[in-house]
Amino acid sequence: MEPVEVESKETKKRGFWLTAFLILMFVANPFTAFTYFSNPELIIQSYPSISIGLLYFMGVLALLNVVFAIAIWTWKKVGVYGIYGSMALAFCINLYIGVGIVGSLTGLLGLVLIYFTTKKRWQLFS
């Protein structure tokens with residue numbers, strides 16, 4: 001009988017930047033979703049080209065980001081893929097509603113951070 005390899009907590013270290021970014025996501029995304037759902041007029045005032053349906057969709061996307069962040073925290077690849085898709089979708093929506101290229105690209109910084117903080121640890125994800 002072969003010994004079962006058990007990964008210790010020491011082998012699964014997130015690192016400072018990944019941990020900090022995930023904690024930021026745990027705080028910022030619920031706040032963003034709450035703002036979208038509770039005060040849509042504020043967002044529509046700033047971006048008149050956004051529809052109420054698209055605004056609520058963005059709120060749901062913010063809540064999904066929390067789910068994806070939890071998945072990354074628990075070492076699930078689906079969380080990383082979900083964040084990639086979510087941020088790419090948000091980038092397109094931001095361009096559509098008139099945020100502009102610079103503002104939209106700024107939103108992709110999280111995607112870059114997730115990529116660089118998970119690529120060396122990819123084998124730890126299931």
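The residues that line the largest pocket divide into 16 nonpolar, 7 polar and no charged, where Ala, Val, Leu, Ile, Met, Phe, Trp, Tyr, Cys and Pro count as nonpolar, Asp, Glu, Lys and Arg as charged, and the others, Gly among them, as polar. The model is predicted, so that local features need pLDDT of at least 70 and side-chain atom pairs count only at pLDDT 80 or more, while totals for chains, interfaces and linings use all residues. Residues are numbered from 1 along each chain as its sequence is written, and side-chain values use heavy atoms, with hydrogens and water left out.

The volume of the largest pocket is about 630 Å³. Of the 23 residues that line the largest pocket, Thr32, Tyr36, Met58, Ala90 and Asn94 are the closest to its centre. A pocket here is an open set of points on a 1 Å grid over the protein atoms alone, where a 1.4 Å probe fits, with protein on both sides within 12 Å along at least five of seven lines, and lining residues have an atom within 4 Å of a point. Its volume is the space filled by probe spheres set on the points, which are joined across faces, edges and corners. Two or more lining residues come from each of α1 (16-38), α3 (52-73) and α4 (77-97), and α1 gives the largest share, 7 residues.

The chain as a whole holds 6 helices and 0 strands, both being DSSP runs numbered from the N terminus (helices H or I, at least four residues; strands E, at least two). Along its principal axes, the C-alpha trace spans about 65 × 25 × 25 Å. Buried residues make up 35% of the 126 residues in the chain, where buried means under 20% relative accessible area, exposed over 50% and partly exposed in between, with a 1.4 Å probe and protein chains only.

Helix α3 also contains Leu64, which counts as partly exposed because its relative accessibility is 35%.

Two loops complete the picture. In the loop between α2 (40-46) and α3 lies Tyr47, which at 30% relative accessibility counts as partly exposed. Tyr47 and Asn94 are 47 residues apart in sequence and 9.7 Å apart in space, C-alpha to C-alpha. The loop between α3 and α4 contains Trp75, which has a positive phi of about 65 degrees although it is not a glycine. Trp75 counts as buried because its relative accessible area is 7%.
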